[in-house]
Amino acid sequence: MSIQSEDVLKIAHLARLGIQQEQVELYASDLSNIMNLVEQMNQVDTSDIEPMAHPLDQSQRLRSDVVTEVNQRETLQQNAPDIEDGLFLVPRVID
Amino acid sequence: MYNKSLQELSSSLQDKEISSVELSQYFLNRIKHFDGELNSVITSNEEAALVAAAEADKRIQSGDSGLLTGIPLLHKDIFCTQGLRTSCGSKMLDNFVAPYTATAVTKLEQAGAVMLGKTNMDEFAMGSSNETSFYGGVKNPWDLNTVPGGSSGGSAAAVAARLAPIASGTDTGGSIRQPAAFCGITGIKPTYGRVSRYGMIAFASSLDQAGTFAKSAEDAAMMLQAMSGFDEKDSTSVNKPVDDLLANLGDSIKGLTVGLPKEFFTDDLDSGIRETIETAIDTIKSAGAHIKEISLPNINLSVPAYYVVAPAECSANLSRFDGVRFGYRCDSPKDLEDLYKRSRDEGFGDEVKRRIMMGAYVLSAGYYDAYYKKAQQVRRLIKNDFVEAFKGVDIIASPTAPSVAFSAGEKKDDPVSMYLSDIFTIGVNLAGLPGMSVPCGFVDNKPVGLQLIGNYFEESRLLNVAHQYQQLTDWHLAVPAGYEQEV
């Protein structure tokens, strides 16, 4: 499997990951090598095998819908890059 | 002092031969003296540690204490610690002060253990050499030109250099066992779901599991005992009572059947590693265990399947780092997309970016079935092989890693060759089984680790075999040259 430069740019956009132009080729070659490793999986037929999501085939536990957390807005916002009046600030989205 | 077991240290504390404040200061001094060159501890907790140690001394005075009360330890910087920077080895979280504490850390705190600091690690636990850390690589105390392994390289190097008696780690594809092997110490990763993942920064949620580093199996058991157990706050935590991990350590292993997977002992195996492992197996045999060849027919597909499952889960987990609510944000973003893209480009290192891209690719429209679903199917085949094998054996043994510690820089620019250094450990994570690494000798003056794999929730049997092996050998007591000195 060979991953081209345009694939790299597309994936990077999907992942909202800026990448430097001079690194695109390197990513393409690294990812192609990794995909070659990954494709060894095709050696085995898995058509009737149930995919495995949890090692113990455990399903997600449910809990009752009750409030267990207290409001920690101020503590949590101490780690925020930019806040105002208790809100997270980002560049203007709508003109 | 530095080579004393937890039992010995605990007795000294209980008998008031030494206080926890003195013991903590002793290890803090060792960190100050030796860690300049090792770079294993990235955040010191000195001030708070001495307060916690004084608290522990009070508990010991009042008789309200357990085995770990007053014992100093280090935590991998992947565990959130309230009020103390939790970086996960990344520039992205360089300024992140966790608003809450991981359950595993809380449990050890409640047991009275004293956190001296946080250890270096591969960025977001992605790496096998500790070279992807934003804070620089960690050096292996056995040979400063080599890597300590990864991703929990800081914890492993610190325990090997006797900078702390015990340390925590996490293991997604071998990140406890491989560094334990490279650094000549004992490390255990329990069954998936045994230790809570709450507050442990997620890399690949269906594989991540916390565990312990120690000098011996007995010490590892004592620490793991305190960390384990069901946690409401982790939806994948398993609600099952924890065995007494110390109760069976002394049992004889006579009559136990040890399986050797033929796929792990091929002609490609390094001859020095093979000889060392065979000698270790002979020792286990001499204690009365039966040795049996087994087959894990699909195990050669574990690295390929892992490099779909782990990156896919990583790309989803790491999407939370967007420069908005916490973590790194780029300077003067021109719009929201620029904010996301540049913050993530500047905040993440190369390996993390590579895995996010891999993950985004295998999950992208049209590829899901070919890669993610396929990998989850292969994963079941690998698990089934282990389940089948455990019908005929009690425990499985193999080398932990295909080589001893490699040189810094050797594999850094070749991701695939780096990934293959986890070839013996990854299958255990895919299956969710418990595994450990025990020091069993040296090749080229560098430590070799024996991997022991147990059936689900049989940590106690694993630790029993490892402890019995350590009664017959003293590899686990070896201290790297230069670090035997008292400071």
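**Entry 1: H9 and H12 of chain B**

I began with the crossing of H9(B) and H12(B), and I noted it as left-handed. This is a predicted model, so I keep that in mind for every entry below. Helix H9 covers residues 302–317 of chain B and helix H12 covers residues 368–389 of chain B; I read an angle of about 130° between them, with the axes 9 Å apart. That angle makes H9(B) oblique to H12(B).

Next I listed who touches whom. From H9(B) come Ser302(B), Ala305(B), Val308(B), Val309(B), Ala312(B) and Glu313(B). They meet a set in H12(B) that includes Tyr371(B), Tyr372(B), Ala375(B), Arg379(B) and Ile382(B). Sorting the residues of this contact by class, I got nine nonpolar, two polar and two charged.

**Entry 2: H4 and H7 of chain B**

I then turned to helix H4 (residues 103–110) and helix H7 (residues 217–227), both of chain B, whose axes come within 8 Å and cross at roughly 110°. H4(B) and H7(B) are therefore roughly perpendicular to each other. On the H4(B) side I found Ala104(B), Lys107(B) and Leu108(B), and on the H7(B) side Met223(B), Ala226(B) and Met227(B). The tally for this contact is five nonpolar residues, no polar ones and one charged.

**Entry 3: the sheet of chain B**

Strand E10 (residues 435–443) and strand E11 (residues 446–454) of chain B pair in the antiparallel sense over eight bridges. If you want a place to start, Ser437(B) has Gln451(B) in E11(B) as its bridge partner.

I also checked what covers these strands.

**Entry 4: where the chains meet**

How many residues does each chain bring to the contact? I have 69 residues from chain B and 54 residues from chain A. The two chains bury about 5400 Å² between them, and 65% of that is on carbon and sulfur atoms. Three residues stand out in the area that chain B buries against chain A: Met357(B), Tyr361(B) and Arg380(B) supply 13% of it, more than any other three residues.

Helix H2 (residues 24–38) of chain A packs with helix H11 (residues 350–363) of chain B at an angle of about 60°, and their axes are 11 Å apart. H2(A) and H11(B) are therefore oblique to each other, and I noted a right-handed crossing.

On the chain A side I listed Tyr27(A), Asp30(A), Leu31(A), Ile34(A), Met35(A) and Val38(A). Among the residues they meet in H11(B) are Lys353(B), Arg354(B), Met357(B), Met358(B) and Tyr361(B). By class I have nine nonpolar, no polar and four charged residues in this contact.

Most residues other than glycine have a negative phi, and most peptide bonds are trans, so I looked for exceptions. I found a cis peptide bond between Gly150(B) and Ser151(B), with omega about 10°. Ser151(B) is in the loop between strand E3 (114–119) and helix H5 (153–160) of chain B.

Arg16(A) belongs to the loop that runs between helix H1 (5–14) and H2 of chain A.

Note on methods. Residues are numbered from 1 along each chain as its sequence is written. Chains are lettered from A and ligands numbered from 1 in the order in which they are written. This is a predicted model: local features need pLDDT of at least 70, side-chain atom pairs count only at pLDDT 80 or more; totals for chains, interfaces and linings use all residues. Side-chain values use heavy atoms; hydrogens and water are left out. Axes are lines fitted to C-alpha atoms, for helices over the stretch in contact, and angles run from 0 to 180 degrees between N-to-C directions. Helices (H or I, at least four residues) and strands (E, at least two) are DSSP runs, numbered from the N terminus. Angles under 35 degrees count as roughly parallel, over 145 as roughly antiparallel, 65 to 115 as roughly perpendicular and the rest as oblique. A crossing is left-handed if the near helix is turned anticlockwise from the far one by less than a right angle, and right-handed if clockwise. Contact means heavy atoms within 4.5 Å. Ala, Val, Leu, Ile, Met, Phe, Trp, Tyr, Cys and Pro count as nonpolar, Asp, Glu, Lys and Arg as charged, and the others, Gly among them, as polar. Two strands pair if DSSP finds at least two bridges between them. Buried area is the accessible area (1.4 Å probe) that two parts lose on being put together, summed over both.
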